[in-house]
Amino acid sequence: MQPRVSAAREIRKIVVINGKGGCGKTTVSTNLATWYAQRGFHPALFDHDPQTSSMRWLKGRGPDHPPIHGVSVLTRQKLGVTRSWQLRMPSETRRLISDTPAGLAGLEIPDHIRGADCVLIPVLPSSIDIEAGADFIRDLLLLGRVRSTGVRIGIVANRIKQHTVAFQALERFLRSLKIPVVARFRDTQAYVHAAEQGLGIHELKTGGTIRKEIHEWNKLFDWIESEPIRNNG
Ligand SMILES: Nc1ncnc2c1ncn2[C@@H]1O[C@H](COP(=O)(O)OP(=O)(O)OP(=O)(O)O)[C@@H](O)[C@H]1O
Ligand SMILES: [Mg+2]
């Protein structure tokens, strides 16, 4: 399914979050942004991380590629710029992607998912990461009250080499909570090469070698776009 840009000012907000560091939040956020940019959704990429990895990535993006509006949220807050996310975007923006820092816990979680249409949680296939991911999902469900607000949650299994025993355990846990695994991304240097150039992997000129990977991304976008945009003010 190829989503169409709506004429109305509708903004879908996608939050990429997991308290665990290094699980792929920035990789997923930047690749989402490039996919939407290529399809005319004029994405805004909000970087909430003091390390500003998404903004560093964006600086490497050349003028030949569709632009992405970057916002370093902490820098702007320091400068006293408004906290309202809608006011910080160009009028043509149709998708907002929010990259969040590692270490979020407790009441910081609901703060970051406010107004979201969907929440993506990248999880790496090691037992430590899976346990941390499961704890994070419990906090999200409890503190973020996502069930009652209607925000959709999807797990992104990242850097999968094979179906590990640990990951099968996570999948059982997720099934019991009715949380889908919406994409499974391989461990591939294509992500590293793309990141070095301010690109998404589908913008690399690598021929058919990442076709399966692109198929997973299309599945993810189908899932994100399968529901109407919430009126998230
Ligand atoms: N599927 C993948 N295949 C290969 N390398 C990957 C993949 N996903 C992420 N990486 C690499 O892993 C490292 C960590 O990824 P990333 O920065 O996206 O994680 P993060 O969750 O944003 O980290 P942090 O918590 O520090 O913000 C990066 O060097 C990135 O290029
Ligand atoms: Mg990051």
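Visitor: How many bridges join β6 to strand β7 (residues 181-186)?

Guide: A word on the general idea comes first. Strands of a sheet pair through backbone hydrogen bonds, either parallel or antiparallel. In this structure, which is a predicted model, β6 and strand β7 run parallel and are joined by 4 bridges. Two of the residue pairs may be named: alanine 157 has arginine 184 in β7 as its bridge partner, and isoleucine 160 has arginine 186 in β7.

Visitor: In what sense do strand β5 (residues 118-123) and β6 pair?

Guide: Strand β5 and β6 pair in the parallel sense, over 6 bridges. Within this pairing, valine 119 stands opposite isoleucine 153 in β6. A further pairing involves β1 and β5, which are parallel over 3 bridges. There, the partner of isoleucine 14 is cysteine 118 in β5.

Visitor: In what order do the strands of the sheet lie?

Guide: One reads a sheet by passing from each strand to its partner. Here the order is β3-β2-β4-β1-β5-β6-β7, an open sheet of 7 strands with parallel pairing. The strands at the edges, β3 (69-72) and β7, each pair on one side only. From one strand to the next, the twist averages 20°.

Visitor: How many helices and strands are there in the chain?

Guide: The chain has 9 helices and 7 strands. α1 lies across β1 (12-16), β2 (44-47), β4 (95-99), β5 and β6, and runs at about 165° to β4. Helix α9 (residues 211-225) lies across β1, β5, β6 and β7, at about 160° to β7.

Visitor: How many residues of β5 are buried?

Guide: Burial is judged by counting the C-beta atoms around a residue; 20 or more others within 10 Å make it buried. In β5, 6 of its 6 residues are buried, and the strand is described as mostly covered. Cys118, Leu120 and Pro122 point one way from the strand, while Val119, Ile121 and Val123 point the other way. For the chain of 233 residues, the buried share is 40%.

Visitor: Which residues touch the most other members of the largest nonpolar core?

Guide: They are Ile14, Val119, Ile121 and Val156, in a core of 52 residues. The element that gives the most to this core is α1, with 6 residues. Val119 also shows how contacts reach across the sequence. Leaving aside neighbours within four places in sequence, valine 119 is in contact with Val15, Ile17, Ile113, Val146, Val151 and Ile153. In the chain, among contacts with a separation of 6 or more, 80% are between residues 24 or more positions apart.

Visitor: Where does histidine 42 lie, and is it buried or exposed?

Guide: Histidine 42 is in the loop between α1 and β2. Histidine 42 counts as buried because 20 other C-beta atoms lie within 10 Å. The backbone angle phi deserves attention too: histidine 42 has a positive phi of about 45°, although it is not a glycine. Threonine 52 also has a positive phi of about 45° and is not a glycine. Threonine 52 lies in the loop between β2 and α2 (53-59), and it is buried because it has 20 C-beta neighbours inside 10 Å.

Visitor: Which residues around ligand 1 come nearest?

Guide: To read a ligand site, one lists the residues around the ligand and then asks where they come from. Of the 18 residues around ligand 1, Gly21, Lys25, Thr26, Thr27 and Ala102 come nearest. α1 (25-38), β6 (152-160) and α8 (189-196) each supply at least two residues of this shell. By type, the shell divides into 6 nonpolar, 8 polar and 4 charged residues.

Notes:
Residues numbered from 1 in each chain as written. Chains lettered and ligands numbered in written order. Predicted model: local features only at pLDDT ≥ 70, side-chain atom pairs only at ≥ 80, totals over all residues. Near = placed C-beta within 6 Å. Nonpolar A, V, L, I, M, F, W, Y, C, P; charged D, E, K, R; others polar. Pairing = 2+ DSSP bridges. Axes fitted to C-alpha atoms, helices over the stretch in contact; angles between N-to-C directions. Contact = placed C-beta atoms within 7 Å. Buried ≥ 20, exposed ≤ 12 C-beta atoms within 10 Å, placed from the backbone. Core = buried A, V, L, I, M, F, W, Y, C linked by C-beta atoms within 7 Å.
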